[in-house]
Amino acid sequence: MGGDLNLRRREFLAACGLTAGGMLLPGFTGQVVDAEDLRTTMDVALKKRLANVALNAATKAGASYCDVRVGRYLRQFIITRETHVENVINTESIGAGVRVIADGAWGFAATNDLSEDNIARVARQAVAIAKANSHNQTAPVQLAPVKSAGEVSWRTPIKKNAFDVPIKDKAEMLLQVNAAALGAGATFVNSTLFAINEQKYFASTDGSYIDQDVFRLWAPMNVTVVDKAAGKFRQRQGLSAPVGMGFEYLDGLPSDKITLPSGTVVYGKSYDMKEDAIVAAKQARAKLTAPSFKPGKYDLVLDPTNLYLTIHESVGHATELDRVIGYEADFAGTSFATLDKLNNHFKYGSEHVNLVADKVQPGSLGAVAYDDEGVKTKRWDIVRDGILVDLQAIRDQAHILGKTESDGCCYADSWSSVQFQRMANISLEPGKAKMTAADMIADVENGVYIVGDGSYSIDQQRYNGQFGGQLFFEIKNGKITQQVEDVAYQIRTPEFWNSCVGVCDESDYRLGGTFFDGKGQPPQISSVSHGSSTARFNGANIINTARSLG
Amino acid sequence: MTIFTEDQARSIVSKVITLSKADECTATLTGSITGNARFALNNLTTAGIVENTSLEVEVAFGKKLGTATVNAFDDAALERTVRRAEELAHLAPENPEYLPVDKQTYVVTETFSSPTAAITPDYRAQVAADSIAACKAAKLTAAGFLEDAQGFEAFANSRGASGFQRSTVLDYSCTARTADGHGSGWVARNLQDSTSFNAGAEVRTAMRKAAASTDTKALEPGKYTVILEPAAVAGMLGPMINLFDARQADEGRSFLSKKGGGTKIGDQVFSPEVTLFSDPAYPNAAVLPWDDDYLPRSHLSLVENGKVMNLAYSPYWAQKMGKAAAARPGNLIMQGGDKSTADMVRDTERGILVTRLWYIRMVDPQTVLLTGLTRDGTFYIENGELKYPIKNFRFNESPVIMLNNVEELGRPVRLVSEGGGGGRRGGFFNGGSPLGQGVTVAPALKVRDFTFSSLSDAI
């Protein structure tokens with residue numbers, strides 16, 4: 001982490017109302033820039049020239065392979081609370097990272113000085129590091145082949161660039177959201193807009209020159225109600241998802257709304273933040289007086305706004321090949337989903353469980369045309385009909401699985417970070433039979449229906465997880481009876497997925513996602529989406545999370 | 001150039017102040033060199049160096065703020081950056097909570113060590129090699145990470161406040177696993193001065209725990225007496241200390257809010273054994289003598305003998321509430337005793353020794369209920385001995401309850417603050433370390449009735 005951090009992380013998290021969530025948020029590095037600068041792109045011819053300088057210098061210095069990423073990373077944060085804007089931050093980070101193989105070992109070096117002489121120097125430095133690393137290497141790097149992409153470009157298919165919308169208008173929109181929440185009974189409200197643009201140019205000695213312009217957006221909100229007399233407070237976070245879309249996500253189109261059996265409104269490809277703020281204030285107030293839920297065994301009905309995070313933790317991370325073989329043992333951990341289990345057709349879930357990895361799904365956070373080592377992205381099965389059939393591998397890991405190509409899920413969070421295996425979008429396929437959440441609930445005798453994501457924690461091999469939520473509803477004899485509080489469910493991953501007795505149809509399918517998935521040492525962040533329809537899991541262990549401090 | 005001398009740095013920030021036409025101007029120059037080496041599967045996997053220098057200029061016209069940064073330091077670049085910050089301030093909405101800081105006097109703190117600043121790529125490779133060699137010889141698999149950094153921060157504002165300070169840090173961790181994957185042990189060290197660091201010796205702790213933790217038995221979940229090693233204690237303290245914020249407490253959204261209004265300052269919230277404070281000059285845990293807002297740090301008592309003494313008041317909130325603003329703490333010290341963890345085990349009839357806690361998350365901010373899991377060395381204690389390794393547990397426990405059940409405190413050690421990180425201005429506790437971490441000094445704790453709610457198969 002460099003010293004040019006311009007975001008006051010503590011204030012930022014507090015402003016977003018996220019401190020309680022303990023969200024992993026490594027530093028955003030970048031120079032603070034004028035908002036107008038966020039609307040521009042770098043000249044492709046210049047990027048190609050710089051890339052060729054590095055490729056030639058590395059090859060001349062003895063590299064058998066070289067790739068160069070010339071990156072420009074733009075971020076804008078608009079942070080508000082109640083009636084005022086707390087901060088507007090625009091950052092820009094430009095530089096180049098050069099990765100090489102020399103003497104069978106990897107080497108990496110990066111710089112923000114984009115003069116040709118310096119790029120060549122950095123390329124030679126990467127080769128020198130690779131040669132030094134080769135002395136301790138027990139086996140040479142084996143790189144799965146990749147076809148030259150030629151000269152190509154790709155852009156996230158956005159309709160409205162968030163950076164084109166004047167800051168004043170965006171701030172005004174958030175302040176209107178806050179006013180709506182306060183008018184509906186919120187004591188406090190924080191709302192934030194993050195917009196991200198990654199302008200990434202990739203070139204390699206395989207002959208690829210790939211120019212990509214990637215956009216992401218997130219509009220988190222947190223509503224708090226306080227009952228001072230009772231010494232009690234409750235929060236309800238917004239039910240939006242971070243998306244790989246433009247500002248059009250905030251259009252709030254009625255056609256993208258789904259009214260759930262609990263009466264809560266959730267959103268597909270278009271979010272009505274103001275409407276959600278009003279409902280959030282009312283539901284937060286209801287949480288103050290909702291009865292505390294009795295712990296025990298219940299059938300769980302999980303809305304996609306909740307299930308996405310359970311998929312992320314119990315499937316997404318568990319099937320990353322670098323974790324499986326031990327590269328992350330010191331920090332994020334390893335995985336229960338071993339190669340042995342893969343080879344022996346491990347029953348990961350019931351026959352209703354089909355989990356797919358995907359780097360191409362429109363609107364998702366992970367969607368790109370090529371990954372950060374120039375591999376064309378794709379969609380592939382991880383669990384089919386309940387059976388573990390594959391893992392997530394990049395070029396230097398493909399051989400471990402006997403694959404002849406990478407899965408295309410390599411990513412670096414900056415030009416200055418070395419690219420490595422990161423989670424693709426991992427999603428639960430909808431059920432084939434027609435079924436709505438209401439149909440599903442009608443069949444549940446004794447259960448709990450959970451909407452929104454809450455606290456989340458899972459062990460270092462991804463067995464034992466515990467998940468909360470935003471909203472909990474008791475189900476009795478096929479009907480939702482009341483809103484309840486203090487609920488968390490505990491899972492053991494294989495038992496959880498094997499207890500899945502149904503998944504609603506595609507009309508209920510929605511994407512959730514995380515902007516700040518952390519992995520690696522030093523940690524890098526990544527954004528990833530997880531789709532699902534509402535799903536039912538029988539006999540789950542529900543704990544009561546209420547405590548008394550005396 | 002990444003690391004400037006004091007004269008060079010002060011001259012740049014002073015020049016920036018004179019260039020500004022705004023009502024207020026603050027210039028901050030920071031630089032760092034960070035090196036790392038990562039290893040896994042008994043191999044060095046990545047190694048690198050990142051150099052970074054940046055000047056941040058923040059200006060204010062009334063309560064309208066603008067910030068710009070640059071990494072070139074010639075006169076033209078400085079001028080351009082000041083003008084850009086001024087333009088942005090004119091376009092910005094008012095921040096009603098902005099308050100400028102007057103000239104201050106800062107205490108002297110020892111945050112720099114020359115040996116740490118002199119660490120070379122060879123040194124890092126040797127740390128990895130020493131860790132790997134020891135593990136390999138014992139048929140264990142090592143995965144670990146060494147990161148070291150040196151940095152400086154210089155600032156000046158138009159009201160006369162200014163400062164310069166250099167700092168260093170070394171952070172090491174290693175996980176040793178048995179070849180069959182049935183045992184795992186961990187060790188971590190965080191130091192400002194690398195002189196005493198010896199990876200080959202440190203790694204023995206991880207190796208011992210790995211070898212001793214194969215063949216676990218499963219205990220029933222429930223309430224147990226636990227000895228939490230310092231890393232586990234720091235993990236429990238971090239999320240709670242984040243809530244020692246006066247504004248949140250006054251607003252009624254904290255466990256430190258009083259029923260009916262107000263805060264719990266002055267209340268006995270914890271056991272009388274519990275004393276927590278911050279001190280920027282604390283030996284071996286020194287941090288920058290100023291906070292993000294350049295308020296001067298000094299000794300700040302948070303909890304004394306179980307009683308809440310102070311909360312953090314931002315300048316804005318202090319003014320609004322008619323209180324004195326205090327700087328944000330840069331470190332957290334929990335007072336301990338003299339006993340080693342081994343001594344504490346010897347004095348325990350029945351209990352569980354916990355090496356570290358993992359994936360700690362807030363379940364309920366109202367009660368600071370946290371969940372997470374034990375990891376990398378969890379043992380059953382009987383009649384003063386480590387009887388056998390046990391399967392890992394998930395806990396659901398509030399540090400507030402935990403600190404009411406303290407039976408014994410061990411010898412404190414320096415650790416990375418949990419929940420910190422993220423650069424120069426990261427975390428509630430931001431010690432200004434060039435790795436962006438705060439520092440916690442925590443003892444091992446013996447605690448009764450610690451709540452484990454389920455078993456984990458993870459190793």
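Helices (H or I, at least four residues) and strands (E, at least two) are taken as DSSP runs, numbered from the N terminus. I use these element names in every entry below.

I worked on a predicted model, in which local features need pLDDT of at least 70 and side-chain atom pairs count only at pLDDT 80 or more, while totals for chains, interfaces and linings use all residues. Residues are numbered from 1 along each chain as its sequence is written, chains are lettered from A and ligands numbered from 1 in the order in which they are written, and side-chain values use heavy atoms, with hydrogens and water left out.

**Entry 1, B:N284.** I looked up B:N284 in the loop between strand 8 (276–278) and strand 9 (300–304) of chain B. Its phi is near 65°, which is a positive value in a residue other than glycine. B:N284 counts as exposed because its relative accessibility is 65%; the classes are buried under 20% relative accessible area, exposed over 50% and partly exposed in between, with a 1.4 Å probe and protein chains only.

I then turned to chain A, where A:H345 sits in the loop between helix 8 (339–343) and strand 13. A:H345 has a phi near 55°, again a positive value in a residue other than glycine. With a relative accessible area of 57%, A:H345 is exposed.

I found A:P362 in the loop between strand 13 (355–358) and strand 14 (379–384) of chain A. A:P362 is exposed, at 64% relative accessible area. The peptide bond leading from A:Q521 into A:P522 is cis, with omega near -5°.

I placed B:E408 in strand 16 (residues 406–409) of chain B. B:E408 counts as buried because its relative accessibility is 16%. Which side chain does the side chain of B:E408 meet in a polar contact? It is that of B:K339, at 2.4 Å. A polar contact here is a pair of N or O atoms within 3.5 Å; within protein, one must be able to donate a hydrogen and the other to accept it, and residues adjacent in sequence count only if both atoms are side-chain atoms. Leaving aside neighbours within four places in sequence, B:E408 is in contact (heavy atoms within 4.5 Å) with B:K339, B:M344, B:D347, B:A444, B:L445 and B:K446.

I located B:E229 in the loop between strand 7 (222–228) and helix 6 (230–241) of chain B. B:E229 is buried, at 16% relative accessibility. Residues up to four places away in sequence aside, B:E229 touches B:K209, B:T341, B:L353, B:V354, B:T355 and B:A444. I note that B:A444 is also listed among the contacts of B:E408.

I found B:A326 in the loop between helix 8 (315–321) and strand 11 (331–334) of chain B. At 23% relative accessibility, B:A326 is partly exposed. Not counting residues up to four places away in sequence, B:A326 touches B:L295, B:L300 and B:Y313. B:A326 and B:G377 are 51 residues apart in sequence, and 40 Å separates them in space, C-alpha to C-alpha.

I looked at how helix 4 (residues 121–137) of chain B packs with helix 5 (residues 199–212) of chain B: the angle is about 40° and the axes are 9 Å apart. Axes are lines fitted to C-alpha atoms, for helices over the stretch in contact, and angles run from 0 to 180 degrees between N-to-C directions. That angle makes helix 4 of chain B oblique to helix 5 of chain B; under 35 degrees counts as roughly parallel, over 145 as roughly antiparallel, 65 to 115 as roughly perpendicular and the rest as oblique. Helix 4 contributes B:V127, B:D130, B:S131, B:A134 and B:C135 to the contact, and helix 5 contributes B:A199, B:G200, B:V203, B:R204 and B:M207.

I found that the axes of helix 1 (residues 6–19) and helix 2 (residues 75–91) of chain B come within 10 Å and cross at roughly 50°. Helix 1 and helix 2 of chain B are therefore oblique to each other. B:I12, B:K15, B:V16 and B:L19 of helix 1 meet B:D75, B:L78, B:E79, B:V82, B:R83 and B:E86 of helix 2.
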